[in-house]
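Here is a short briefing on one protein model. Look at the structure first, then read the points by topic.

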Amino acid sequence: MKATFLAVFCLVIGFAAPALASKYYVVQNSKTLKCSVVPKKPKGKTVVLVGGGTAHKTRNDARAALRNAANCK
């Protein structure tokens, strides 16, 4: 009984985990003008969101947006 409950619990957590994942943002440091991908929306005056602050679902999507951003070349 416990093994069945544990197996079902693990399956539910496994399917729910991607929905709880963070979003990725492309940001540019306003002092150094270097761009990077961060897992949380930045708060502060030293970084600027690139691309209108669009959130990306995966890090690879954010990296692709970083390569295509005109400000980051």
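His56 lies in the loop between β3 and α2 (59-68). Helices (H or I, at least four residues) and strands (E, at least two) are DSSP runs, numbered from the N terminus. His56 is buried, at a relative accessible area of 16%. Buried means under 20% relative accessible area, exposed over 50%, and partly exposed in between (1.4 Å probe, protein chains only).

This is a predicted model: local features need pLDDT of at least 70, side-chain atom pairs count only at pLDDT 80 or more, and totals for chains, interfaces and linings use all residues. Residues are numbered from 1 along each chain as its sequence is written, and side-chain values use heavy atoms, with hydrogens and water left out.

**Surroundings of His56**
- Which residues are in contact with His56, leaving aside its neighbours within four places in sequence? They are Lys23, Tyr24, Val26, Asp61, Ala62 and Ala65.
- Contact means heavy atoms within 4.5 Å.

**Overall make-up**
- The protein has two helices and three strands.
- Read from the N terminus, the order of elements is α-β-β-β-α.
- The protein has 73 residues, and 15% of them count as buried.
- Its accessible surface is about 5,900 Å², with 62% belonging to carbon and sulfur atoms.
- Accessible areas come from the Shrake-Rupley method with a 1.4 Å probe; for residues, only the protein chains shown count as cover.
- Take the contacts in the protein with a separation of 6 or more: residues 24 or more positions apart account for 36% of them.

**The sheet**
- Three strands form an open sheet in the order β2-β1-β3, with antiparallel pairing.
- β2 and β3 are the edge strands, and each pairs on one side only.
- Neighbouring strands of this sheet are turned by 40° against each other on average, direction ignored.
- Two strands pair if DSSP finds at least two bridges between them.
- α2 packs on the sheet and touches β1 and β2. The direction of α2 makes about 165° with that of β2.
- Axes are lines fitted to C-alpha atoms, for helices over the stretch in contact, and angles run from 0 to 180 degrees between N-to-C directions.

**Strand β1 and its partners**
- Why is strand β1 (residues 25-29) described as largely enclosed by the rest of the structure? Because four of its five residues are buried.
- β1 and strand β2 (residues 35-38) run antiparallel, joined by four bridges.
- Tyr25 sits opposite Val38 in β2.
- β1 and β2 make a hairpin with five residues between them. In the turn, Leu33 has a positive phi of about 65°.
- β1 also pairs with strand β3 (residues 47-49), in the antiparallel sense, over three bridges.
- Gln28 has the bridge partner Cys35 in β2 and the bridge partner Val48 in β3.

**The disulfide**
- How many disulfides does a search of the whole structure find? It finds one.
- The pair is Cys35 and Cys72, with sulfur atoms 2.0 Å apart. It links distant parts of the chain: Cys35 is in strand β2, Cys72 is in the segment after α2, and they are 37 residues apart.
- A disulfide is a pair of cysteine sulfur atoms within 2.5 Å.
- The link of Cys35 and Cys72 is left-handed, with -80° about the S-S bond.
- Is Cys72 buried, exposed or partly exposed? Cys72 counts as partly exposed, at 22% relative accessibility.
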